[in-house]
Amino acid sequence: MKTLTMKAFVTSAVLALGTGGAATAAECIAPANPGGGWDFTCRQIGKIMFDIGAVDKPIQVTNMAGAGGGLAYNHVVNERGDDADLIVAASSATSTRLAQNAYAGMTADKVRFVGAIGADPGVIVVAANSPFKSLGDLVDAIKADPGSVAFAGGSAVGGFDHLKPLMILQRAGFTDITKVKYIGVDGGADAITQTVGGFTQAMTGDMSEIVGFLKAGEIRALAVLTDERVPGFEQIPTAKEQGFDVVAVNWRGLYVPKGVSDDTFNMWADRLQKVADSDEWKAAMAANGLAPFTKVGGDFQSYVDGLVAEVNQLSKDIGVIQ
Amino acid sequence: MDILANLSLGFSIALSPYTLMLAVIGCFLGTIIGALPGLGPSNGVAILIPLTFTMGLDATSALVLMTSVYYGAMYGGRISSILLNIPGDEPALMTTLDGYPMAKKGRAGDALVLSGVASFVGAFLATIGLMLLAPMLARVAYLFGPAEYFALYLLAFCTLGGMASNNQAKSAIASCLGLGIAMIGVDNNSGLPRLTGGNLHLMDGIDFLVAIVGLFAIAEVFFFIESHGKGSAIGVKLDKVTIPWKDIMATKWTMLRASLVGFIAGILPGAGASLGSFLAYMSEKSIAGKDGGFGTGAPKGIAAPEAGNNAAAGGALVPMLTLGVPGSGTTAVLLALLMTLNITPGPTLFTDRPEVVWGLIASLLIANVVLLLMNVPMVKIFVRVLQVPAWVLLPGVTMISFVGIYSLSGSYFDLILMVGFGALGYVLRKLDIPTVPVILGILLGGHMEDALRRAMVLSDGDGAFLFSSPIAIGLWIAAILGFVAPMFLRGLLRKPQRVTD
């Protein structure tokens, strides 16, 4: 027990020193515990920015978990509103929650979205023995009888995985989307298990979640929700080429506080572009199942604004928000 | 031979010097934790979990360390049972029945070695069983939909509730309390916050680690303060330790039978190690009959519960790994660890993360050998630990808890919450309400609710869907029996009274 106590002591002392010494370097807040997607964004982007010389000091990563990113968002808006040395990891989950007013009244315009440099493509899959051979088959079945197809996905009801099939159905002219059955389970693997087991008829998720099952031959991917077919998965057709113009990817990017100058905003956008162009980032993307998806600066801000508006409308339609 | 190939993969991971070192450390800490009265495997593992994060261990290493602690604690629990007549943990309760009388007769060393060997046999056979059976059980998971899962969680609540207390009503109250706490946070099915009082810190719900450390460790400190720190002293002298070959040979069939009984008890979700040792002891007692001398220091009375509870510890890992449903209180804590490490135990764990599963199995085998070596020749060292005064020990435990929880979330709010849970644990124990069902409620309540609501979505709100498959119906029957049976069998299965001098 004494050795344990000592270890705890030493560790906390080291932690305290670490935080104190790096006060002048830029900081990246990962609004989740170590190990998740946001943590990955901060650590990889921070490391590569330093390695390629885009910043002259290593970027300090702070984990601020809570309220699905809401705690960090509130912290940035209320206490760090003009901090030029601060970047925060974000993803589709951030914009979805903002659109659904899940950050305690905070809106998307309280920060500036600086860029995304990689994305996990959305997919719709069915069990290998499913009668549905194409996205069209699935959509027709739902149009004929909305109760006949249930989707399983890794996010909660109203989350991004839930919205993907709804976007497709809306484009197909099906408006009664509250009738579409969806269950949110604990992650993509669980959603696939439910689908292969026959409890649900289709699974909605991200490309990285289905790779293992795809190789095992347990599932068939009906569509990938990108502009072009994904390199390495050329056999999977896009929803677009099947006549459903939906692009839904889980992008990985950053936001900065609202109060920073345009110069600072452009400086971070520029640094992010450099990371996107680097070989290190390409290797990191390949290792983590991400597809290239680069949008920085004002271009990205307008993409996020459009996304927030669309998700907000869709969420109202399905009754997740008033 | 898939199993051999997988096992060699496992050993290639577990035999790295670093993981091996973690296994040895885990075994050592676990044995001490098990030996310390009041600190059982579940609170031991709970206290040490934050340490794995502070040390920045990866998933496999963290799992190796924690399961070594788990197995170690199952071994260690017998030490204080035999020497002090105080069970070091709950499953070691049965070992007091014959262990202490044997020690009183001056054979404390024999009792410790015999029980150590029995622990080894039980744990070893259970690990083999885990290796052979778990992949088979993993295939079953495609048969489990929302209705089946709901019934399974219900079964866990019913059986564990039945074992954790002599009073069903109190178990039920504790379970409901846990379920209530599990409801705090954003509702998965509507996205609306529940019971958060607008506090952003509560949006993600209450972290089960905070609850576990609070309910077990902090509550323990409150009890210590109340008793003004009475020290522990060893009542039995331990002189020299020899290996009692005669007793070991005489109990070999007892060990095998007890291992089987324990393993099966361990696999049943919720039953766990206490039930394993209890059933093993009771079945051996009835086989031996009146002339067996059970209760007066019979070697079989020591071998049976120890083999039983260690086998149950291995068995409990089967449903935890393949279904994500813990088979005992400690595996519930291990489940929490896995989920925090972003590993979803379940049917796909064996295919998704073979390195985690087989590394774990290999390290269990290694830990078992290490524990046998540690517990037989080196048993005297652990006896010394019992002489550390509690007023040194408990403040250390408290400090580790605070540093650990703070390093986990970096939030003072969780510290306040932890102390709150400590106070809750104190009150509950004063009222003789078991805390294990509370933990179970917090851990599984959300899942149980989700399963129910998914079932309702799929069936358009038709309640009959919950009984729509043979598996679901079977689980419902088992759950109802598990809850009701102890009420009628209480007269027969009364927890045995402690031996008084």
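Gly232(A) sits in the loop that runs between β8 (219-224) and β9 (249-257) of chain A, where helices (H or I, at least four residues) and strands (E, at least two) are DSSP runs numbered from the N terminus. Gly232(A) is exposed, because it has 12 other C-beta atoms within 10 Å; a residue is called exposed with 12 or fewer such atoms, buried with 20 or more, and partly exposed in between, the C-beta atoms being placed from the backbone. Although Gly232(A) and Ala291(A) are 59 residues apart in sequence, their C-alpha atoms are 9.9 Å apart in space.

This is a predicted model, in which local features need pLDDT of at least 70 and side-chain atom pairs count only at pLDDT 80 or more, while totals for chains, interfaces and linings use all residues. Residues are numbered from 1 along each chain as its sequence is written, and chains are lettered from A and ligands numbered from 1 in the order in which they are written.

The two chains can be set side by side. In the last column, two residues are in contact if their C-beta atoms, placed from the backbone, lie within 7 Å.

Two loop residues of chain B deserve attention for their backbone. Leu195(B), in the loop between β2 (193-194) and α8 (208-226) of chain B, has a phi near 55 degrees, which is a positive value in a residue other than glycine. Leu195(B) counts as partly exposed, because 14 other C-beta atoms lie within 10 Å. Asp460(B), in the loop between α20 (436-458) and α21 (470-489) of chain B, also has a positive phi, near 55 degrees, and is likewise not a glycine. Asp460(B) is exposed, because 9 other C-beta atoms lie within 10 Å.

How do two helices of chain B meet, and at what angle do α10 and α12 pack? Helix α10 (residues 252-267) and helix α12 (residues 299-315) of chain B pack at an angle of about 35 degrees, with their axes 7 Å apart; the axes are lines fitted to C-alpha atoms, for helices over the stretch in contact, and angles run from 0 to 180 degrees between N-to-C directions. The residues that make this contact include Ala258(B), Phe263(B) and Ile267(B) of α10(B), and Lys300(B), Ala307(B) and Gly315(B) of α12(B). By class, the contact has 13 nonpolar, 8 polar and 1 charged residues, where Ala, Val, Leu, Ile, Met, Phe, Trp, Tyr, Cys and Pro count as nonpolar, Asp, Glu, Lys and Arg as charged, and the others, Gly among them, as polar.

Ile267(B) lies in helix α10 of chain B, and it counts as buried because it has 23 C-beta neighbours inside 10 Å. Ile267(B) and Gly315(B) are 48 residues apart in sequence, yet 4.7 Å apart in space, C-alpha to C-alpha.

The largest nonpolar core has 249 residues, and those with the most contacts inside it include Val88(A), Met66(B) and Phe150(B); such a core is a set of buried Ala, Val, Leu, Ile, Met, Phe, Trp, Tyr and Cys residues joined through C-beta atoms within 7 Å. Its largest share, 20 residues, comes from helix α5 (residues 95-140) of chain B. Not counting residues up to four places away in sequence, Phe150(B) touches Met448(B), Ala451(B), Leu452(B), Ala455(B) and Leu466(B).
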